[in-house]
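Here is a short tour of a two-chain model, written for someone who likes to know the cut-offs behind each value. Have a look at the sequence and the structure first, and then read on.

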Amino acid sequence: MNVAGRIVAREANGRSSAATLPTQPFRLAAGGLVDRSRTLAFTFDGKRYAGHPGDTLAAALLANGVRLVGRSFKYHRPRGILSAGVEEPNALAELRSGARREPNTRMTTAELYDGLQAASQNRFPSLAFDLRAVNSLLSPLLVTGFYYKTFMWPSSFWEKVYEPLIRRAAGLGRAATGADPDHYEKSTTFCDLLVIGAGPAGLAAALAAGRSGARVIVCEEDFLLGGRALADRRRVEGRPAASWVTEAEAELESLPEVRIFRRTAVFGAYDGGTYAALERVADHLPVPPAHQPRQRLWRIVAQRAVLAAGAIERPLVFGGNDRPGVMLAGAVRSYLNRFGVAPGSRAAVFSNNDDAVRTVADLAAAGVPVSAYIDPRPQIPAAVRQVAERAGARVLTGAVVQRAVGWEKLLYVRVANDTGQEFVVNCDLLAISGGWSPTVHLTSHAGGRPQWREDIAAFVPGTPPPGMTVIGAAAGDLALADGLAAGARAGAQAARDCGFSVADAPVPFADAESTVIAPLWRVRNATGKAFVDFQNDVTATDIRIAEQEGFRSVEHLKRYTTLGMATDQGKTANINGLALMAEYTARSIAETGTTRFRPPTTSVAIAAFAGQHRGREFRPTRLPPTHAWAQELGADFVETGEWLRAQQFSRPGEPDWLATVSREVNAVRNGVGFCDVSTLGKIDIQGADAAEFLDRVYANLFSTLPVGRARYGLMLREDGLVMDDGTTSRLGETHYAMTTTTANAARVLQHLALCREWLWPSLDVQIVPVTEQWAQLSIAGPKARAVLQAIVDPAFDLSNQAFPFMAAGAGTVCGGVAARLFRISFSGELAYELAVPARFGDALARRLMQVGNDFGITPYGTEALGVMRIEKGHPAGPELNGQTTAGDIGLGRLLSKKKDFIGRAMAARPGLTDPNRPTLVGLRPLDRAARLRAGAHFLPRDAAATAANDQGHMTSVAFSPTLGHWIGLGLLARGPQRLGEVVRAHDPVRDGDVLVEVTSPVFVDPQGVRLHV
Amino acid sequence: MRIPCPHCGERGFQEFAYYGDAGPKRPAHGGDTGEDVWFDYVYLRDNPAGPHEELWYHAAGCRTWLVVTRNTLTHEVAGARPARDVALERSAAP
């Protein structure tokens, strides 16, 4: 039995009548695009209701007679459903539960599904009885700018009192606390024409272009195509508009180059014809189907775009215009005609334009009596009057609604006309229309300024982004016939622009209509609160106050009153707000202008922007060739940039990481160990000018390096500071193998490419990154040669004479595997780096474990590597920090005087050669038991801890198992001249204050004897 | 923004790394250039409003440096050429 079935059973028990479905008292007997053959059950605030497929949550609630759906942000006033679309300011719900709970979902766009759970927001303890509605009584205190005014003093109150209070009282729903269990993806696609909005105009454009064979993408925010054609009882080409939509949709589906993206909102227009869209793939289902994302973020690259996003109806500003039961006139027609729902049982219509009288006719046709048609215009066209009167409505011209009366539901409205007569009109539904605002948002993302058109009382697009044409209601052409014609024209033109030939086709026609409007920005003599921005509770009075207090620019108005700053971004509020500001400042609306619209036009979940890049997938993880082997050994891993490297190989019984690392260091210093160093950048450099090229990019000489030798190289930036270091070997007369640090591998490659292609294009040199082609293991320790001897093929002579320190060569290992061997050392021990093709890296590690077993071979990780380099005083990342010169890290002697090189001239600047600069030294604690901290600052022994006394900082520290105490490297002003001096290493963050002795940075084997054995 | 890479075709700018103005000419290698000229080359840049020739690196593509002509006001990209070609042309010019 499905959920609906269970409800049926329950209600049947409670009511004694058998097998009745939960009633939907406001569902019309017929009509609408919902599937009445199926019933869906859902809950709202825990209460069960029924609806049909094709309903939105708002439509289903209205069908069940639920009018009160939320409380307002500031005053906690009862609120109902205002609209039938994305512009909805009031009807926001928390959808779903647990980790899938999503706040601020618009009920007017949330598609109903079986089992949907929704909860109202912003109420305590319940929607019907909200204690915080008392805020309404405090409203004189809560007017515009109340944040700024009330919470100025004392400042400590902000954090402790006001902010928690506001957060609890004025939250907009609760975000889920668990991690989102669904996944999201990002995709890029291309087309000739992107049609944004599949109302009649958009469909006409898509058909005209699609028939030519152009690649067309149609994006429609709604789950049905058709736009207003679904909501209005209109005729296109002599057929009901909805039937025309069905046929157009079927034809588009049949065109192979046309793609229709339903439930997809285009929310941003970017440079180069790039558009961003959000496809709600599975928001209309309880959980996404297997292997489907919840939402998909599209990047659509289009040669041409047609914006047919329609228009959004404006509310009228009068007292109590936020009462549940006050609804936009167009939305009333949507509920009647598209959903087969009556949003009330007795209606009145209040409008300043010719369009809204359709609502009178549609209500009457659906059997909802209309008490009155209220129009502020003294004279209205005869046709309008006729339609209203035929529907049985009393026509009140020159009349306005001064106040809507009721609390949780509308009871009646007070109307006054221009002769001073007052009327009470009974109704529980007031349909309002202040005219339509073209949806221009996307046209201003590239900087276009909307233009005010007085004749239609609307902002129309200024200069749209290149390649975009705006048509239909979005362009201010509200009449259906105009939209269809513009669509057919724009679609054909776009196809021609993309090189397709377009056959002449008749333009779809529709009946004529009047869209005449007489602006009414607010009702004078309105009583009670007259809301402009429903979601942020901004009233006409608030705008008046902003004007009086000098916040007159629209940008100031927005920030001061929060007009247009809520989740709906003021879609129903902005124009009314700035029109009021124009009135109060006696400027025209054109002079007042609008705020800038920026992407996104509608709220987009952060998860959609993140896509698959979450958690560990935030960025790619690169694994060195020995990763699987290290994992089997139970290594701990550390992220170094994108790489995941073995940090240490702990053994059972070792108390902590320090014990493990110390064991690894001791093993290398006294026996033999090995470590994967494949992550270092490796760049192959070849060509007749390779030597000259290296002389230019390195500070020291490489043209003098004999073939078969390696050399430490230091690279500067153009500004004279150190860029990177590494060893580079000469494998042949015109062939070098460069290594870089792990962190700078990509940056150095980019730099070398710039040098080669841009600075010195005539040099004959080629550079290729080969980091991933070679697995490189460092085998270090007094017994390294013995281990290596066991795997190199016989032709390799490893003797100290044949292959001395800093030798480099190629050969084979393990019976014919190509290899490169470098006798270089980071640890200070006898050491080799052996490189084999990456695919042999794993096997090489395993073979070394085998052949090294008798020698006690010990794999070591990045920690031991780091400890040994600190013991040897080699600078690394913390010292090559982008602020140090060669001299600062003790390598000033490398700056060649025999040649020019990048950074030479700038490195000679006085500021970079100042002898007082902090320079690399070693440091050891006077109290040998004391622990050192990287980041500690150096102070003269008895000086106060002030910035003026700062003399540098500790860059790297380690516990040296070789020496049995902590050691550090640091940059100390005039350091090398202060050996033996005692300074303070001051660490206020961790409360450290240690006296340290300045020493040479080389703590172990200062003569380098071990390297040469 | 879309950049027409001469090797890879038109691609989104996210694939590229921006370097900056392609105008400044590096003082000759091995020359005896004054510090002020170096300072100008390394640090000083114009900020033109309109078409601008600038260096972009196709990091997630062909790894080639390009000279891209971009309008700084509209982000319209007028074209892209391999930086090496441009550099050779400039060095050939008197």
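In chain A, 59% of the 1013 residues are buried, where buried means under 20% relative accessible area, exposed means over 50% and partly exposed lies in between (1.4 Å probe, protein chains only). This is a predicted model, in which local features need pLDDT of at least 70 and side-chain atom pairs count only at pLDDT 80 or more, while totals for chains, interfaces and linings use all residues. Residues are numbered from 1 along each chain as its sequence is written, chains are lettered from A and ligands numbered from 1 in the order in which they are written, and side-chain values use heavy atoms, with hydrogens and water left out.

Chain A holds 24 helices and 49 strands; these are DSSP runs numbered from the N terminus, with helices being H or I of at least four residues and strands E of at least two. The C-alpha trace of chain A spans about 110 × 70 × 65 Å along its principal axes.

Now zoom in on Gln121(A), which sits in the loop between β7 (116-120) and α3 (146-150) of chain A. Gln121(A) counts as buried because its relative accessibility is 4%.

How do chains B and A meet? Here, 32 residues of chain B are in contact with 30 residues of chain A, contact meaning heavy atoms within 4.5 Å. The size of an interface is often given as the accessible area lost when the parts come together. For chain B and chain A that buried area is about 2700 Å², with 59% of it on carbon and sulfur atoms; the value is summed over both parts and uses a 1.4 Å probe.

Across this interface the rule finds one salt bridge, that is, a side-chain nitrogen of Lys or Arg within 4 Å of a carboxyl oxygen of Asp or Glu. The side chains of Arg26(B) and Glu718(A) form a salt bridge at 2.5 Å, N to O. On the side of chain B that touches chain A, β3 (17-21), α1, β4 (51-57), β5 (65-71) and α2 (83-92) of chain B each supply at least two residues.

Finally, Phe39(B) lies in helix α1 (residues 35-43) of chain B. Phe39(B) counts as partly exposed because its relative accessibility is 38%.

How values were computed: Buried area is the accessible area (1.4 Å probe) that two parts lose on being put together, summed over both.
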